[in-house]
Structures are given as C-alpha cells and as structure tokens.
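Reader: I'm new to this one, so please pick a single part and take me through it slowly. I'd like to know what sits where and what touches what.

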Amino acid sequence: MNLFVKLLSNGILVQFLTIISTLIFSRLFSVDQFGSLAFYVSFGSLIAVVGGLRFDYLILKENISEKLAGYFISNIISILMNLLIMLIAYIFQSKFDFLSDVNIFILFIFGLGFSLFNNLSQYLISKKNYKLFTRLRLIQVIGVFFIALFMKFLFNSSNSMVYAYSLSQLCLGMGGMLFIVKTYNKSIKNEHPHVFLKKNFHESFQNFTISFMQYSTPLMPVLIGGYIFDQKNIGAYFVFSQMISAPLNIFRRNLLIFFNGEFASKQKFNDVIKAKILTQRNLLLFTFSLTFISTILYFLKNEVVAILLGTQWLPYSYLLLPLFIYFLFDCILQPFTTLLPLWGNANYSLTMEFFRFFLLIIILPLSTIYLKIEFFEFLMAYIIIMLTIYYIVVFKTLQLSKV
C-alpha cells in the first residue's frame, strides 16, 4: 500500500500540469481546433495500447523474465503497424476519397509516438522502475505545453496542439528505445526475441483482441461520434473530458500501474483491496462525497465552466455533471478490469468486451443515425453502456478473487 501512496504522490504534479495546460489552451485555441486534436489523440491512444500486439502487457506478468525481448518485439511491431496504417490511409484517400480530412503524416507521428512511449512506460513498470516512469511522464507533459506555445506564438500554426501532443511522446519513446537497445543489445540477443515471439504470440494476440475492444470503446464518442456530429460538439467533449479526467487520472493511472505491477496473484489482491479498501465506512464516505459534489456541479455548472475554461465554453456546460460522474466511476472501475487476463480468465474479458464493442460501435451509432438522436442523448447512452459492463466485469473479478 505504501507503494501506491508513493505513486499517487509522484503523479500529482504530472496531472496538475495537465490541468493547467488544458485551462490555458482552452483560452488560446478554438473549439474546432480541439475537435481536430481530439481525433488524433484518440487514434494515438488506441494505437498506443494495441500497436505492439500487447507484448508490452505480457511482460508485466511475474512469470515472464524476458522483459527486454518483449519490449524489443513491441517496438518492432509498433513501427510496422504504424507504417501499414499510413499506407492503408493513403490508399483510402487517393483511391476512394475517404478520410480526406485526415493528415496522414500527423496520423503517423501520433500513432508511432504514442506507441513507442507506451512501450517504454510498460517496460519501466515491468522492471518496477516507477521513479523513472514518473519522470518521463513529467517531461512529456511539460513538452506538450512548451511545444504548443512555441508553435502558436512563433508560427501561429493551427496545428500547434497537434504537434505538441505527438512530438512530445515521439521524441521520448524513440530516445528511450534507442538508448535501451544500444545499452542492452547483448542481453536482448540472449533472450532470443524470435523464440519469445513464437512462444507467446497466441496469448499476446488474445490480449490484443481484448485490449482493442476495451480501449476503443472509451474513444468512440470521438472516433465514431466525429462522423455523426459536428466538430464543436466533439471539441467540447474533448476539453471537458481532459479537464475532468486529468485530476481523476492522478488516482486511476497510478492505481492501474499498482494493480498490474502488484496484483498478479489473487491473494495479494484480497489482502489489500478487500481487507482495507472495500469497507462499509469507505463506501458510505464515497457515496456522501459523490452526492455533495454532484449537487454543486448541477446548480453551479455555468459558473464553474466560465471560471475554468472561459465564456466561449458556456453553451456546453451541460456536459460537466454527466462527464464528472462517468470519469469518476471510470477511474475507479477500469483498473479492476485489467486483472482477469493476468489471472488466466481472458475468455470472460473477451466475451464482455466484445458485447460492449458491438453495442457501442454498431448498435448505438446506427440507432443515433436512424432515430436522429441529439449529441447529449447519444452521450448518455454511451455512459450507461460503459458503466454497466464495467460493473459486470468488476463483480466477476471480486467473485474470482475468492478462489
């Protein structure tokens, strides 16, 4: 538990800077510019997780000793996958006049940058080098802020935020990869990456399938909603999401790291979570706090938005309360959903993620178009589906932890 407290403390500065950057950017850039950024960030976030076919996730397991081989394979696959995506996007643009609004070069650097940075982060977590991981996150967030300001005031570029978010992760991810491969070249060869790839491909691909569905559904309001609703709605959703999720990510991100790094066994999970966290006192305190904060946000949403983001965002203040409730429960429940594959119950996760994927990627968009649903109703349906599946998976996790 002391490790989690330490991770939480180290992450506060990172998320604080993220919040400050978002609040400053909301006054420097337009709603439409945030809408454009939302698409590329969502794409990069998805490719970051699945780009390495989840070999980055595999090396988190305690019984996997070939950490360097897994990291090396993750990067090679990530590079090849992003090149393939760029080629496919080019074909769609040139031959079928599809994705005409997408900048292929920006798409590539987002996918590659987010992938390499994620692989580096996972490798450091697998080695339990949490201190260096936190430092890299701090450098990345600071990089976003200064690159965006540099591009804005020196070049007056409309893509300032786009380049800031992509280049900050690309430079760190690429630099980390080159340093580790050069420094530990002999160790990587001794771990025989080709043998590691062949031996673990099936498990990694299974985790890749689960992760693709698990991590694509949270991005659905941007990736799918962007083709149904206008850029202003998507940009507003992105900004409000950033503003709300950033402070909550102080808890969620470090909880996820702690879970993946420390709860590979069910016994450790029971000793910490059930014995010390899920007590009646803590649940009552959480319920009271949620009710109190929700009441304030409901009655003072316009004042809160005007103070934090500026008056240009007031037409979208209705997003504040539902997104707060959603991201609060997301930050608590999502880390639990990563435990089943670590405990050897990947099939259950795969089934539930497929069900949620089907509802959000197919049923909800088709219903939205056919019934001409407004953005708010679309968003509420999305939140209900997401949280329902979260609760089902968490309940299953708690059941299995008793065995």
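Author: Let's clear one thing up before we zoom in: searching the whole structure turns up 0 disulfides (pairs of cysteine sulfur atoms within 2.5 Å). This is a predicted model, so local features need pLDDT of at least 70 and side-chain atom pairs count only at pLDDT 80 or more, while totals for chains, interfaces and linings use all residues. Residues are numbered from 1 along each chain as its sequence is written, and side-chain values use heavy atoms, with hydrogens and water left out.

Now for H7, which covers residues 160-183. Helices here are DSSP runs (H or I, at least four residues), numbered from the N terminus.

Take its partner H4 to begin with, at residues 67-96. H4 and H7 pack at an angle of about 135°, and their axes are 11 Å apart. (Axes are lines fitted to C-alpha atoms over the stretch in contact, with angles from 0 to 180 degrees between N-to-C directions.) That angle makes H4 oblique to H7, oblique being whatever is left after under 35 degrees (roughly parallel), over 145 (roughly antiparallel) and 65 to 115 (roughly perpendicular). The crossing of H4 with H7 is left-handed, with the near helix turned anticlockwise from the far one by less than a right angle. Who does the touching (heavy atoms within 4.5 Å)? On the H4 side you'll find Leu 68, Tyr 71, Phe 72, Asn 75 and Ile 79, and they meet Gly 176, Met 177, Ile 180 and Val 181 of H7. By class, that contact has 7 nonpolar residues, 2 polar and no charged. (Nonpolar is Ala, Val, Leu, Ile, Met, Phe, Trp, Tyr, Cys and Pro; charged is Asp, Glu, Lys and Arg; the others, Gly among them, are polar.)

H7 also packs with H5, residues 104-126. Here the axes come within 7 Å and cross at roughly 45°. That makes H5 oblique to H7, and H5 passes H7 in a left-handed crossing. The contact of H5 with H7 counts 19 nonpolar and 5 polar residues, with no charged ones.

Zoom in on Met 174, which lies in H7. Set aside its neighbours within four places in sequence, and Met 174 is in contact with Leu 112 and Leu 116. Its relative accessible area is 29%, so Met 174 is partly exposed; buried would be under 20% and exposed over 50%, with partly exposed in between (1.4 Å probe, protein chains only). From Met 174 to Val 141 you go 33 residues in sequence and 16 Å in space, C-alpha to C-alpha. As for Cys 171, it has 54% relative accessibility and therefore counts as exposed.

Over on H5 sits Ser 121. Ser 121 is buried, at a relative accessible area of 10%.

Last, a look at the loops. Most residues other than glycine have a negative phi. Lys 128, in the loop between H5 and H6 (130-155), has a positive phi near 60°. Lys 128 counts as partly exposed at 43% relative accessibility. His 192 has a positive phi too, about 50°, and lies in the loop between H8 (185-190) and H9 (193-216). With a relative accessible area of 42%, His 192 is partly exposed.

Technical notes. Helices (H or I, at least four residues) and strands (E, at least two) are DSSP runs, numbered from the N terminus. Contact means heavy atoms within 4.5 Å.
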